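Have the viewer open as you read.

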Amino acid sequence: MTIKVVLCTAPSEEVAHDIAKQLVESKLAACVNIIKGVQSVYAWEGSIHTDTECQLVIKTISQYVLEAYDKVSELHPYDVPEWLELNAEASHSYGTWLQQYLQSTK
């Protein structure tokens with residue numbers, strides 16, 4: 001079963017936890033992993049920056065990706081939050097659980 005895995009960084013554990021909790025509570029994601037201490041090196045406004053961030057790994061389905069993006073954009077302090085959508089093949093049991101959670105009554 002194909003699911004969506006979205007990568008999104010956050011500037012702090014507090015911001016990452018708030019985004020993750022709101023995505024799961026609103027049933028736009030079934031699970032969000034937060035990986036602390038990710039070193040990011042990136043170009044922004046003409047210079048190279050290095051920051052320690054949290055990496056969010058958001059698990060959802062195609063039906064909710066755009067709504068999840070809108071929610072993250074509302075909550076995120078960055079002007080341009082990272083948002084990388086990946087298609088992933090889930091095991092039947094994990095994919096079924098994910099879909100059942102997301103499609104249960106909101």
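Start with Glu89: setting aside neighbours within four places in sequence, Glu89 is in contact with Met1 and Thr2, where contact means heavy atoms within 4.5 Å. Glu89 sits in strand S4; strands here are DSSP runs of E of at least two residues, helices are H or I runs of at least four, and both are numbered from the N terminus. Glu89 has a relative accessible area of 63%, so it is exposed. On that scale, exposed means over 50%, buried under 20% and partly exposed in between, with a 1.4 Å probe and protein chains only. Glu89 and Tyr42 are 47 residues apart in sequence and 29 Å apart in space, C-alpha to C-alpha.

A word on ground rules: this is a predicted model, with local features needing pLDDT of at least 70 and side-chain atom pairs counting only at pLDDT 80 or more, while totals for chains, interfaces and linings use all residues. Residues are numbered from 1 along each chain as its sequence is written, and side-chain values use heavy atoms, with hydrogens and water left out.

Now for the inside. The largest nonpolar core has 26 residues, and Leu23, Val32, Leu56, Ile58 and Trp83 touch the most other members. Such a core is a set of buried Ala, Val, Leu, Ile, Met, Phe, Trp, Tyr and Cys residues joined through side-chain atoms within 4.5 Å. S1, H1, S3, H2 and H3 each supply at least two residues of this core, and the largest share, five residues, comes from S1. Leu23, beyond its neighbours within four places in sequence, is in contact with Leu28, Ala29, Val32, Ile58, Ala68, Lys71 and Val72.

Two of those partners, Ala68 and Val72, are among the buried residues of H2, along with Tyr64 and Val65. The cover over the buried residues of H2 includes strand S1 (2–10), helix H1 (13–25), strand S3 (47–60), strand S4 (84–89) and helix H3 (92–103). How far apart are the end C-alpha atoms of helix H2? They are 21 Å apart, which agrees with the 20 Å that its 14 residues (62–75) should span at 1.5 Å a residue; the expected span is 1.5 Å times one less than the number of residues.

Most residues other than glycine have a negative phi.

Finally, the largest pocket, which holds about 320 Å³ of space. On a 1 Å grid over the protein atoms alone, a pocket is an open set of points where a 1.4 Å probe fits, with protein on both sides within 12 Å along at least five of seven lines, and lining residues have an atom within 4 Å of a point. Points are joined across faces, edges and corners, and the volume is the space filled by probe spheres set on them. S2 gives the most to the lining, four residues. Thr9 is one of the lining residues; it lies in strand S1 and is buried, with a relative accessible area of 7%.
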